[in-house]
Each structure stands twice: as structure tokens, then as C-alpha cells.
2 protein chains.
Amino acid sequence: MKNSLGRELPDAEMKELKYQPYQSTEIGNPVISWVAPKVRVSTGDDKVIFSVDEVIKDVLQDGMTISFHHHFREGDFVFNLVMDRIIKLGYKDLTLAPSSLTNVMNDKVIEAIKAGTVTNITTSGMRGELGEQVSHGLLKNPVIFRSHGNRARSIENGNIKIDVAFLGVPNADRLGNANGMEVESAFGSMGYALIDAKYANKVVLLTDTIVDYPNTPASIEQTQVDYVVKVDRVGDPDRIGSGATRFTKDPKELKIARMVNDVITHSPYFKQDFSFQTGTGGVALAVTKFLGESMKKAGITAAFTCGGTTSPIVDLLEAGLIKKVMDVQDFDKGAASSMKSNPDQAEIDTDFNVNVLTGSNGEIRGAVGGHQDAGTAKMTIISAPLTRGRIATVVHSVNSVSTPGASIDVLVTEVGIAINPARQDLIDAFSKVPSLPIVSIEELQKRAEATVGKPAPVEYTDRVVGLVEYRDGSLIDAIKQVKD
Amino acid sequence: MKNSLGRELPDAEMKELKYQPYQSTEIGNPVISWVAPKVRVSTGDDKVIFSVDEVIKDVLQDGMTISFHHHFREGDFVFNLVMDRIIKLGYKDLTLAPSSLTNVMNDKVIEAIKAGTVTNITTSGMRGELGEQVSHGLLKNPVIFRSHGNRARSIENGNIKIDVAFLGVPNADRLGNANGMEVESAFGSMGYALIDAKYANKVVLLTDTIVDYPNTPASIEQTQVDYVVKVDRVGDPDRIGSGATRFTKDPKELKIARMVNDVITHSPYFKQDFSFQTGTGGVALAVTKFLGESMKKAGITAAFTCGGTTSPIVDLLEAGLIKKVMDVQDFDKGAASSMKSNPDQAEIDTDFNVNVLTGSNGEIRGAVGGHQDAGTAKMTIISAPLTRGRIATVVHSVNSVSTPGASIDVLVTEVGIAINPARQDLIDAFSKVPSLPIVSIEELQKRAEATVGKPAPVEYTDRVVGLVEYRDGSLIDAIKQVKD
């Protein structure tokens, strides 16, 4: 069957996993029942233990679902440490449900799959060797891709039932109160791990820094925690972020950034106490800077920003231009480049559908991240150069849909902006702005194709290797195995 | 049947409410399943509404369970406002499940009971006219008394299923983020209301102060909230606390306070990074002050305190003698006297069982509060004068058991201290301290009786008007109707 975007969905998987086809970005106001974990009553017990093996043997059984977070990003030591022991101890048929998978985890995930330790994965994304191998049929069952918001929702309503969460934390006290701050391996907000701590039946913290009780503020609370495992190092501080924030000097990127800023400042939403979310790529960082200048000039301050927090956002906060920052993850040390892989491979089609998950060769090499979730803003802007190398950014039909076109309002490219025809209000607003040449998205697609030519279609087998959920849990697309 | 304390438990209520008899203070490490609420998905909706009636009609049905908190104490306007409308709108057979009931709520509760609006109550306690009338048979079903900790536990495991929580808050934004700080009617920590916000199927905030979105820190979060009702005033700031902290000048109280301090400082627990909880009565405030002086002299600091926070505790925090205060409710303006009713009527028997709930005439006039919960400390000290007026504090058998003797270690009176025979270690420790004359509790009982005589026994009917739970949900005692 096909969903409302015309994407072909696999009947077998739809039936087995009881999927509804994606219908609409309007998710309405359903009343849903949350689930709740089992908890072991404890009375001030010291939970510190020094053996990862001992904890694993205590809590883990074949067939269970285990989770990790990716806040340590490419500096993570916890995932490989734990997964290595799980493989060595001979566990089978586990479902791996991390908030996302970073490159540093790839080898160990591949090893776990080959050993039969992991047979199911749900994640925001995967890249590199892992994405490539999964695209070519490595994993027994399809990977289920979920946005960060959808993952939290799926845990809350029981679609993902986490048996054991292994959560690396920069610090914890002996009873399990933990936060992401104040020590060497700090990563700031622990946003993605909080839902695991709340809903997993067993919560295992791993930390290199045991602090005095009571550790406050406690992002993860002692009542949620079963074990605190003391390890040598949870991560490499230098790789938790990824180097200094890069402010782009590329003239094309700067041009796009200025146009994005013009879109924002000429939209009906640029007014006192507006809110915005910008990304972490070079363009996004420049947009944040330009936007700050425009706000200052116009005498406007923002009520809040949300999403990942970058240095330019902190600058605006400190300048009093943003009142509050709602923080789910931090790119403190300017880890901008770690998320840049998304914009770098973003693809948008003439229906405004966006793909941030699969490359032009059909292989998985990205992450849904918060893309779907952010798309529900009153105005969502995608910025991209028309082409990258020999690859068109604007295409007839995206390789796979991550975010439906109905939630994308404006595409900004260096040759002009395309506005979703559903947004006549924005077309009217921007028609008067000289710096914003409006073109149809079909026109942009044609110009891109004229530049780089028409690529040969990717060849797939019939086997499904990935299922892409929309944030409401419906199925928005399926990813097939790439022919060798 | 009788429980392990020898208290007679009513068979009919035991069976109907599926109670286990109280067995032991050792609750072990059971694995329990928490429950979870139903939530209505919302997407940044403005939840502000100006009509209490409209909200009630939207969410309330006959037979439901409704909750309130008591953080505004005697300054509360919210309870009477909401309950009045519920009565007027003709609702029946509701279960009232507040964190506690303060005197200012009494008349409205009585009215609700007489109207058939409220037929069940679970609370930490009740006082004054309400306690008196309930003791004489006003309410259709027995009141279930639960400690603050047990209430939270009962909500978590589904023993109390809150359909609608009506929570007064000093401030909230239009989406429902709320905290207890920074405005006129602030009461500090919202400890008791957090569990309602988390587990109630519908959460209705009432506030007089709508603040900018996003309101941070959010003790109650927008995802938990269904309505924000704007009302004129949530409370009378002057009566939220109850006047300046009274430091006792009574020589007997000061003597007892010094002895309590000597018990603490000569115990094996008085060492670097110890923790303690003191109450809010005159003696407790003096103990806190004396303890601070002893800590300073000994060069010892406490890792934390918990429980209700008083001015002397804040003084110690500011002096660096306490590292952290874990805060569930604040007596900011020195609301000491509002909790003093407990110590004033505390009764302890020769098995060390404590009664903080019923008076010497058998009528309900107190609250379990955190008494049972605090009793699980490594050392629990009760302080009391031997007699109060013509009433003995130490008796053969308490009128009703709130806290089992197994969790009480030391009784301090002006004529000497009695140590629970189960604590030979403390008997050994305190035998060497000249300022701590050790006497048997039987001796104290005899001296009290010699002073005030033997009271005539209270006469009861066979009807049960109150059930007292232990913190694990077992039944520790039953309270019968007092004969008119």
C-alpha cells in the first residue's frame, strides 16, 4: 500500500508491526495512556558497583531491549565498553534502542550484529560503515528510524519497552543522582537520557566521577536508578564537542544565511517574544548571528529558543536578545560539525518532502534527529545550496522521506527561495522583498538537474532494511536494501 | 484480627479494601509496578481559562477522585473556591484526596460531606471542627490516613487514582509551566503537588499570576497540565506562613532541646557529612540552633537536611554548616506554629508507639504528616514534656498508632531519656553522658500517671471512622467513632 505521500509501504512489516500509514502532519489531540516502569524499592542503599559484567549478568536476558544515549557523541566510551561485555558474555537477540548512534559506536554495533547479539535496532540514525552495511542487508530485521521526539513518545506509550538503560553520566552520587555538568566530561543537558531514566525497568548509570550525596540538581534521580557503575573514563572530553565553532567564510553559504535571515525578519512571526530554533551547520550558525543583529536593530527580543544549543545562541542569550534557552543537548565546545552531516546530505523534492537519512546512493548515512519535530513550527525554513558537488539538492522525489512536505514552508537556495504553495500568506509577505527572489520549486529542480544532470536511479532489492516512522508513530517511508 | 502491634483491625474494612495487617517497619526491596496517567496530546495550546465552572464541567463526573495540596496552609483560597463550585454544581460521591487538610478548609469540607458531594476522604490529617465531626460519625466511609510519603507511593502504584487534581500555584505560564517562587503568594517548594501533577488524569492549575512563556524552572511542566485557570487570588500571603519563627524561652523546652542536642552529638551518627531532619515546633527550632553551635565547635558539617525547611535550617545552610537542603515544603515566614499542633498532642506508649493523630478524648485532631517516613532514620528521637496540662504524654497504650515503636529509638523528656531496648548500642553510648539520665519508658509512664492521674477511658462505638495506613500501605490502626 501507499501512504498519503505516495510512498510504497511494505505490507508484511506493516501487518507484523501493526503500523498505520502516515496520513497528515496534524496529529490532533488524542488522549493516550502512558506506561510506567517497574521499580525496585530501595532505602538509601549504596548502589555503587565496580564490575560491568556483574551488573549485566544481574539484569540482562536474551531478547531484551537495551538503551544508550549519544550525548558523549564521538567521545563516547560507555557504549563500546558495555556492548563489548554483552557480546563477550554471549547474549543473543537483543533490541538496541539508543537515542542515536555515533560513528565511534559503529564497529561495535557491527560486531554485535554479526555475533547475533543484536537483531533489532531502533535509532535516530546511523552513518559510515554501519549505515553502509545495514543498507546492504547486515541486520536481520529492519531498523526503525524515529525522531528524537518520536522516540520519547514511543517510550512513553510503550511502543519501545526498555528493559535496561545503560546511561553514561559525567557524575553521580552513590545513590544515583546525576547531572551533566561541572566535571571534565560534562556535556550539559542530558535531554535524551531523561526519558530512559524515567521509563526503563532497570537503570544502570556508568560514571567516572562519584560525587557527594546529594548530587544536585539531579537530572536523573536516585529513585530511578538501580546501579551506579564506577568506570575509569566515560568519555574523551575533547571529542564530546568537536572543535571550535566554525563561522563560515564561504560566500555561497553567507548569501544563503542572509536570505534565511531576511525570510525570518520579513515573516509575520518576527515580533516581540517570538521563538526560533536554528541548527548547527555553518549556514545555521551564520543565520543565528545575522538574526541577532536584526533583532538588535529592530529592538525585538525572543521569548525562547529550543533544540540543540550552540555558541551563537549562548551569545544572544548573554546579550539579552533571547530570554530563555530550552536545552535538550549542548554543542558546548562548538560541536557544530558533528551535526553538519545532516544539512550536507539534505535532499528536498518538489513536494517539499525532505530526506536527511539516506544518501544519493540509497545508503543510510544520516539521522532523523529533531528534523520532523522542528518541522511543526509555524514557519519551517530549509536552506541548501542547489547542488553539492555532482549531487542535486532539489529533486523530483526524495530517496526517502524523513520529514513530510506539509511541514516545510520555505526552501532557501543561493538562486532564490521556493515557498510551499499551501502558504499563500508567506508568498504575499515575501513578494515585496527585493532580496528574496521567489521561484517555484519545480524551477529549482530543473536548474539543479541542468547543472549536474540526471543521476541513474539507485537499484534496490525487495528486502526492507529500514522503516521510517513519523513522529506520531505512523509509517512515513520504508528503506530497501541496496543492490550490491 | 490484630496486627503485630496488637491493634485490633476491622475485618469488614480489611476485606473490602484488601488491606494487609501492618507487620514490620522493614519494608524490604519489593519490585513494584508504577501506574501512569492518561494524557491529552497538545501542541503549544493556550490553556488559560477564566471560569472555574467551565473547567469543572469539562472534567468532573460523579464518583471521581479529586485532589488538592496544602502548601498555602491557612492562607489557601483555592480549595474553598473550587469545592464551593463543585458543591453548587451538584456533584456526588467524590473521593477527596488532598495532601492534607488545613483548618481554613474545614467548613467547606463539612458542607461537602453534608451535601453528599464528598463521601470518601484520604488525607494526612484533619483538625478542629472537621476532625471532631468526623470522629462523631459525619462521613459515610472511614477516612484513610496516609503519611506524605505513603500518599506519594499510593499514587505511584495506583492505590489512589486521581481523576482531577486542582492545584493552586503562585505562578504559571499560559501552557502550564509553574513553580512556587518569586511572587507575592510564593510558598517555595511545591513538593506535595508534584506527584499529583505527574499522575492525575487531568491537571487543573489555578493561579493569580500568569507569567511569560516559558516559565522556568518548571516544577510542574506543561506536558502534565490540561487547564490553567486564572483566578483573582490563590491565597493570603500573610497566612501561608504563620508569623515570625518563635524561639522558645520556656525553661522546660530549652532543657529538653539541650538534651536532644546531647543525644545527637553523643550518638555514633554525629560525624562529618551526617544528615538530620528536625521539626518545626519550639523545641525543634531550639535543637536546630544548638546543633549548629555543636557542629561549629566540633568542626563538623552536615551533608544534607530534609523535610520541612525552617529559618534556623536556612541559617545553618548560610553559615556553611549544612551543605544541602532537600526541600519538600517551606515554612518561610516561620510557619512553625502551623505544625506545632503535632508535637502538642504527640503521645507515646511503653512500646514506643507514637500517636500524632488523635487526642486524649479520642477525636481526630492532627496529621500523620511525615512522621512515619522520618521514623526510618538511623536514629529517631521523640521529644516531649512528660505531661501537658492534665494530660500524660507517656502512656501504657496510645489512643491510636501513627508511627510504630520499632522506628522510635529515643524519647527525651525533661526528667530523663528512655531508649528503645532494641537499641543496646545507644544505651551503651548514652550511659556515659552525665547530662542524659537514662530511665525506662515504664518509669516515665508511671511518673506521668502519678502526676496527672489515670484518665477515664474514651468510649467508642463499633463503627470505624478512620483507617491509619503504614507507609507500605498495610493497616497499622483503626479509629472508631467516639460516643456522643
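Two strands count as paired if DSSP finds at least two bridges between them. Keep that rule at hand for these exercises on a predicted model.

**Exercise 1. In which order do the three strands of the open sheet in chain B lie, and which are the edge strands?**

Solution. 
- Step 1: Start with the order. The three strands of this open sheet in chain B run 18-17-23, and their pairing is mixed.
- Step 2: Look for strands that pair on one side only. These are strand 18 (354–355) and strand 23 (394–395) of chain B, the edge strands.
- Step 3: The rule asks for at least two bridges.
- Step 4: Find a bridge in the model. Ile348(B) has Val354(B) in strand 18 of chain B as its bridge partner.

**Exercise 2. How is chain B related to chain A, and why do the copies meet through the same surface?**

Solution. 
- Step 1: A turn of 180° with a shift of 0.0 Å along the axis places chain B on chain A with an RMSD of 0.0 Å.
- Step 2: Draw the conclusion. The two copies are therefore related as by a two-fold rotation axis.
- Step 3: Find the axis in the model. Within chain B, Ala36(B) has the C-alpha nearest the axis, 2.7 Å from it.
- Step 4: Compare the two sides. Of the interface residues of chain B, 100% are also interface residues in chain A, so the copies meet through the same surface.

**Exercise 3. What does the interface between chain B and chain A consist of?**

Solution. 
- Step 1: Count the residues. In chain B, 29 residues are in contact with 29 residues of chain A.
- Step 2: Turn to area. About 2500 Å² is buried between the two chains, and carbon and sulfur atoms give 61% of this.
- Step 3: List the polar links. There are two salt bridges between chain B and chain A, and twelve residue pairs are in polar contact across the interface.
- Step 4: Ask which strands of chain B take part.
- Step 5: Pick out one salt bridge. Asp212(B) pairs with Lys323(A), with the closest N and O atoms 3.5 Å apart; the cut-off is 4 Å.
- Step 6: Strand 1 (residues 31–33) of chain A and strand 2 of chain B run antiparallel and are joined by three bridges. Ser33(A) has Lys38(B) as its bridge partner there.

**Exercise 4. Which parts of chain B does the salt bridge of Asp53(B) and Arg85(B) link?**

Solution. 
- Step 1: Check the distance. The closest N and O atoms of Asp53(B) and Arg85(B) are 2.7 Å apart.
- Step 2: Asp53(B) sits in helix 2 (residues 52–59) and Arg85(B) in helix 3 (residues 78–88) of chain B, so placed that the pair, 32 residues apart, links distant parts of the chain.

Technical notes:
Residues numbered from 1 in each chain as written. Chains lettered and ligands numbered in written order. Predicted model: local features only at pLDDT ≥ 70, side-chain atom pairs only at ≥ 80, totals over all residues. Heavy atoms only, no water. Contact = heavy atoms within 4.5 Å. Buried area = accessible area lost by both parts, 1.4 Å probe. Salt bridge = Lys/Arg side-chain N within 4 Å of Asp/Glu carboxyl O. Polar contact = N/O pair within 3.5 Å; in protein donor to acceptor, adjacent residues only side chain to side chain. Helix = DSSP H or I, 4+ residues; strand = E, 2+ residues; numbered from the N terminus. Least-squares fit on C-alpha atoms with pLDDT ≥ 70 in both.
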